[in-house]
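Let's take a walk through this protein together, one piece at a time. Have a look at the sequence and the model, then read on.

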Amino acid sequence: MPDPTPRPAGSSGLSKEIPMSAEQFRKLRDIIYQRAGITFTESKKYVLESRLCRRLQELEIDDYDQYIAFLSTGPYQGDEFNELFNKITINETSFFRNPPQLDAFEKETLAGLLAARASHKRLRVWSAACSSGEEPYTLAMQVHRTLGLRLGDWKIEILGTDISERVLEIAQGGRYTDYAMRGLPPLVQQRYFRKDGHEWVIDPAVAALVRFEELNLKDRLAIKRLGQFDVIFCRNVMIYFDDPMRKQLVSMFHEALAADGTLYIGHSETLRDLGVPFAQVGPATAFSYRKLARAGSGEAPLGAGTAPGAPTPARPGSKAA
Ligand SMILES: C[S@@+](CC[C@H](N)C(=O)[O-])C[C@H]1O[C@@H](n2cnc3c(N)ncnc32)[C@H](O)[C@@H]1O
C-alpha cells in the first residue's frame with residue numbers, strides 16, 4: 001500500500017480532479033456520520049468530492065481508497081479527522097444573527113433568569129456549534145449590557161463549542177473582519193469593538209465572559225462532562241443531522257438544562273416528533289423552547305423567578321413540542 005503519511009500542505013502543486021466512486025462516497029459518508037452525525041445524502045456527493053479534493057491534494061494522495069485507509073487507521077487518524085471537519089463543515093454565522101430571537105433571549109429569558117438566580121448569581125449559557133464565535137460573543141454583549149454595573153456581582157460563563165479547530169481559533173482570537181461586522185448595530189460596534197489595522201477586536205470585558213472548547217455534538221460523554229446550563233443555543237447545525245442524531249442531541253440538551261432552562265434552535269429547525277419534553281415559549285420568531293419535566297421523572301419544572309426546587313404553574317401560551 002502506498003505510504004499515506006501527509007506531507008506539508010501545498011507542496012505538490014497538484015490541481016487535477018480526483019474522482020470519487022459511489023463506493024468510496026458511501027464509505028466516507030458512513031465514517032463522517034459515525035464520527036460526527038453529519039449526513040451527506042447521495043445527491044450531495046459532489047459537495048463532499050469538491051471539499052475533499054483539496055485535502056487529498058494537500059496530502060499528495062491521489063485516490064480516495066488511500067485517504068479512507070489513512071482516516072481509518074494509523075497514528076494520524078485523530079488529526080486527520082480535525083482536518084476533515086475543517087473542510088466539510090459549513091461555518092456561516094454572524095453577530096446578532098436572527099434579531100427577533102436574540103430580543104426574546106435578552107428581554108424574556110435573560111431577564112427571567114436574572115430574577116430567578118438573584119440569590120446565587122450564577123448563570124451558564126452554552127452556544128453549541130458556535131463556529132467562529134459570533135454567537136457566544138453576541139450573547140455575552142447582551143448579558144454585559146443587561147447587567148451593567150451589576151456584572152461584577154455575578155458569575156457568568158458563556159461556553160462556545162464547535163467540532164472545527166479552525167473556527168475555534170478565530171473565535172479565541174476575538175478579531176474580526178469588516179465582513180463579520182455586517183448588520184451589527186453601529187452603537188454596538190462602537191461600544192464593543194476596537195479597530196486594529198484591518199480588524200475589529202472584541203472588548204476584553206465581553207471576551208472575559210466567554211470561553212471556547214472543542215466538542216463534537218456526537219460525543220455524549222463530552223456533553224455530560226460540561227455540567228448544567230441555564231440556556232443552550234444550538235442554531236443551524238441540526239439541519240445537518242438526521243432524526244436519530246437530532247433526537248439523541250436534543251435529549252442530551254434536555255439533560256444538560258436546568259429545570260427552568262431554555263433551548264434556542266435555528267429558524268429552519270424543529271423539535272417536533274423527537275419525543276423530548278420541551279414547550280415552545282414566546283413568539284414563534286423566537287424558536288425558543290422551555291424544558292418540561294420527563295413523565296414519571298418526579299422532577300418539577302421551575303418558572304422564572306421561582307426559587308430552585310419550587311414547583312411552577314404551567315406557563316401561559318406554552319405549547320408542547
Ligand atoms: C452554520 S454554523 C452555525 C453557527 C452558529 N450556531 C449560528 O447559527 O450562527 C454550523 C457549525 O456547526 C459545527 N458542527 C457541525 N457538526 C458538528 C458536530 N458534530 N459537533 C459540533 N459542531 C459541529 C460546524 O463546524 C459549524 O461551525
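## The core

A residue is buried if 20 or more other C-beta atoms lie within 10 Å of its own, exposed if 12 or fewer, and partly exposed in between, with C-beta atoms placed from the backbone. What you're looking at is a predicted model, where local features need pLDDT of at least 70 and side-chain atom pairs count only at pLDDT 80 or more, while totals for chains, interfaces and linings use all residues. Residues are numbered from 1 along each chain as its sequence is written.

Now for the core itself. The largest one has 75 residues, and those with the most contacts inside it are Ala 140, Ile 232, Cys 234, Phe 253, Leu 263 and Ile 265. Helix α5 (residues 99-116) gives this core its largest share, six residues. The core also takes at least three residues from each of domain 1 (22-88) and domain 2 (99-320); these bounds come from an automatic or database domain assignment.

Which residues does Ala 140 touch, leaving out those up to four places away in sequence? They are Ile 158, Val 206, Leu 209 and Val 210. Contact here means that two C-beta atoms, placed from the backbone, lie within 7 Å.

## The big picture

The protein has 11 helices and 11 strands. Helices (H or I, at least four residues) and strands (E, at least two) are DSSP runs, numbered from the N terminus. Of its 321 residues, 36% count as buried. Among contacts with a separation of 6 or more, 74% join residues 24 or more positions apart.

## An enclosed strand

Why is strand β7 (residues 229-234) called largely enclosed by the rest of the structure? Because six of its six residues are buried.

Strand β1 (residues 122-128) runs parallel to β7, joined by three bridges, and Val 125 stands opposite Val 231 in β7. (Two strands pair if DSSP finds at least two bridges between them.) Strand β8 (residues 257-265) also runs parallel to β7, with five bridges; there, Cys 234 stands opposite Ile 265. To get from β7 to β8, the chain passes through helix α11 (residues 243-256), in a right-handed β-α-β crossover. Right-handed means that, with the strands pointing away from the viewer, the path from the first strand over the helix to the second runs clockwise.

## A helix with a buried face

In helix α7 (residues 165-173), Val 167, Leu 168 and Ala 171 are buried. Looking down the axis of α7, the buried residues fall within an arc of 100°, so they line one face of the helix. That arc is taken from the directions from the helix axis to the C-beta atoms. Their cover includes β2 (155-162) and β6 (210-214). After α7 comes Gly 174, with a positive phi near 65°.

Most residues other than glycine have a negative phi. Glu 60, though, has a positive phi near 55°. Glu 60 sits in the loop between α2 (45-59) and α3 (64-72), and its 18 C-beta neighbours inside 10 Å make it partly exposed.

Phe 287 has a positive phi too, near 45°, and lies in the loop between β9 (278-281) and β10 (288-291). Is Phe 287 buried or exposed? With 23 C-beta neighbours inside 10 Å, Phe 287 counts as buried.

Note on methods
A nonpolar core is a set of buried Ala, Val, Leu, Ile, Met, Phe, Trp, Tyr and Cys residues joined through C-beta atoms within 7 Å.
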